[in-house]
Amino acid sequence: MTNGLRAWAHWKRRYNSPPDDLVSDFYIPAFYRSIKYDRAVGFFSSRLLAEIAPQIDGFAANGGRIRLITSPANLSDDDLAAIERGEALRERLRSGIEQSLGVPLSDPRLVHRLQLVTWMVATGVLEVQIALRRIRASYSLFHEKIGVFTDSFGNWMTFTGSPNETLGALRRHSESFPLHRSWVSDDQFAFATEERERFEALWAGNVDPDQVVAL
């Protein structure tokens, strides 16, 4: 663990791609300095986790945890199966039957991207809630976009904006978002607090059940 989010002097008030590379300019330094990442997003793909796997490895080694709320719309059958296998694997870990774990997954940098998701769920690094928007008798997409990085010193920063949690969004599309840091000013603290509280309300299910349904 480094000196945390506040010690990094290169955060920007706003990220735009292009010209910013959102993976190398934002996600990698953020994971490197954080122990917690909360994300509510419309679309998610495990390819992004594979792209930043070395940082995820260090993040997990530092006790890092990810909580993800996402729509099922962009989760592939393979992604969902990996998550399900991770839940089953976690039960085995809880039972102490470590010898029954097939292929060792101790170093996620070396494994297939879907094995990475399985490993993260199994070890508790990644918790996933699948959400839908309920309108009367039908369902539509959950499409909120909130991200919260927190370090070991209690500093946090939030971002809301266009990117989904997919590699295409961060590598190919034109995307942008503002960054609110809790330690910069009263206004930034207020923005960051409101965004973090919104995520916590979604995660805990403290929203109108006719608006968002977690599965």
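Modeller: One aromatic cluster is formed by Trp8, Trp11, Tyr15, Phe26, Tyr27, Phe31, Tyr37, Phe59, Phe149, Phe159 and Phe177. This is a predicted model, where local features need pLDDT of at least 70 and side-chain atom pairs pLDDT 80 or more, while totals for chains, interfaces and linings use all residues. Residues are numbered from 1 along each chain, and side-chain values use heavy atoms, without hydrogens and water.

Biologist: How many aromatic pairs are there by the rule?

Modeller: Rings of Phe, Tyr and Trp (its six-membered ring) pair if their centres lie within 6.5 Å; planes under 30 degrees apart are stacked, over 60 edge-to-face, and the rest tilted. By this rule the count is 20.

Biologist: Is the pair of phenylalanine 159 and phenylalanine 177 stacked, edge-to-face or tilted?

Modeller: Phenylalanine 159 is in strand β7 and phenylalanine 177 in strand β8, so the pair ties together parts 18 residues apart in sequence; strands are DSSP runs of E, at least two residues, numbered from the N terminus. The centres are 4.9 Å apart, with 40° between the planes, which makes the pair tilted.

Biologist: Is phenylalanine 177 buried or exposed?

Modeller: Buried means under 20% relative accessible area, exposed over 50%, and partly exposed in between (1.4 Å probe, protein chains only). Phenylalanine 177 has a relative accessible area of 1%, so it counts as buried.

Biologist: Which residue lies over the face of tryptophan 156?

Modeller: A charge sits over a ring if NZ of Lys or CZ of Arg is within 6 Å of the ring centre and within 35 degrees of the ring normal. At 3.5 Å from the ring centre of tryptophan 156 lies arginine 196.

Notes
Helix = DSSP H or I, 4+ residues; strand = E, 2+ residues; numbered from the N terminus.
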